[in-house]
Amino acid sequence: MEPSAEVEFVAYSSEFDRALSECVRSCVHWECRDVYTPTDPAFLRWKAGVKPDPLVDYADWIEQVGTATARGVEVRRLRVVSEPVTEYVRFEHFVTAMNLAAGEQVRWLSRSRAAGLLLPVVEGWVFDDDVIVLNHFAGEGDWLGEERLEDAAMASVYREAFETAWDRGIPHDRYEIQ
């Protein structure tokens with residue numbers, strides 16, 4: 001169940017866009033980094049004290065994912081984080097309003113509560129239990145690309161790991177930043 005040795009990265013979100021538009025039942029997403037795209041303009045503005053309006057600044061995301069949830073697709077996101085959290089995770093927690101507005105369910109799982117779980121080290125999405133879109137990042141958090149896999153057996157492994165971790169996660173409205 002290994003991805004091909006030659007991973008060809010594609011333009012950001014093209015495979016995600018395709019998989020989400022084809023999805024009919026559910027998609028789950030696990031995040032396992034403490035820092036993403038450290039040069040993201042929205043993050044840099046937030047660090048400088050300019051608070052974004054997630055419902056305005058992320059309107060495209062809300063529309064895209066909201067279209068899927070409106071047609072009945074269940075979208076769940078699990079954020080596995082170190083505590084105390086990084087500045088980027090604080091930012092992410094602040095802008096989660098956009099995920100919720102799109103109809104996503106979001107849970108948070110501290111690494112200390114994840115002890116004993118076997119979680120994928122490459123984060124990504126599973127769509128309808130047979131399509132996987134993996135996200136690849138550089139060590140500092142810059143996004144490198146994505147990889148689409150159509151492998152029901154691997155999707156099942158990822159989905160099972162997600163479900164076990166999801167059960168330990170804390171819903172966004174009850175998660176307090178540490």
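Predicted model: local features only at pLDDT ≥ 70, side-chain atom pairs only at ≥ 80, totals over all residues.

**Exercise 1.** Determine in which element glycine 145 has its place, and whether glycine 145 is buried or exposed.

*Solution.* Step 1: glycine 145 belongs to strand β6 (residues 143-150); helices (H or I, at least four residues) and strands (E, at least two) are DSSP runs, numbered from the N terminus. Residues are numbered from 1 along each chain as its sequence is written. Step 2: buried means under 20% relative accessible area, exposed over 50%, and partly exposed in between (1.4 Å probe, protein chains only). Because its relative accessible area is 0%, glycine 145 is buried. Step 3: asparagine 135 is 10 residues away in sequence, and the C-alpha to C-alpha separation from glycine 145 is 6.1 Å.

**Exercise 2.** Describe how helices α1 and α4 pack.

*Solution.* Step 1: α1 (residues 14-22) and α4 (residues 59-70) pack at about 35 degrees, with axes 9 Å apart. Axes are lines fitted to C-alpha atoms, for helices over the stretch in contact, and angles run from 0 to 180 degrees between N-to-C directions. Step 2: Phe16, Asp17 and Leu20 of α1 meet Trp61, Gln64, Val65 and Ala68 of α4, where contact means heavy atoms within 4.5 Å.

**Exercise 3.** Identify the residues with the most contacts inside the largest nonpolar core, and the element that gives the most to this core.

*Solution.* Step 1: a nonpolar core is a set of buried Ala, Val, Leu, Ile, Met, Phe, Trp, Tyr and Cys residues joined through side-chain atoms within 4.5 Å. Step 2: the largest such core has 27 residues, and those with the most contacts inside it are Leu20, Cys27, Tyr58, Trp61, Phe91, Trp125 and Phe127. Step 3: α4 gives the most to this core, with 4 residues. Step 4: a second, separate core of 17 residues includes Trp30, Val80, Leu149 and Phe162.

**Exercise 4.** Characterise the surroundings of histidine 93.

*Solution.* Step 1: histidine 93 lies in helix α5. Step 2: histidine 93 counts as buried because its relative accessibility is 18%. Step 3: neighbours within four places in sequence aside, histidine 93 is in contact with Trp108, His172, Tyr175 and Ile177. Step 4: its side chain reaches the backbone oxygen of tyrosine 175 at 3.5 Å.

**Note on the model.** Local features need pLDDT of at least 70, side-chain atom pairs count only at pLDDT 80 or more, and totals for chains, interfaces and linings use all residues; side-chain values use heavy atoms, with hydrogens and water left out.

Note on methods:
Polar contact = N/O pair within 3.5 Å; in protein donor to acceptor, adjacent residues only side chain to side chain.
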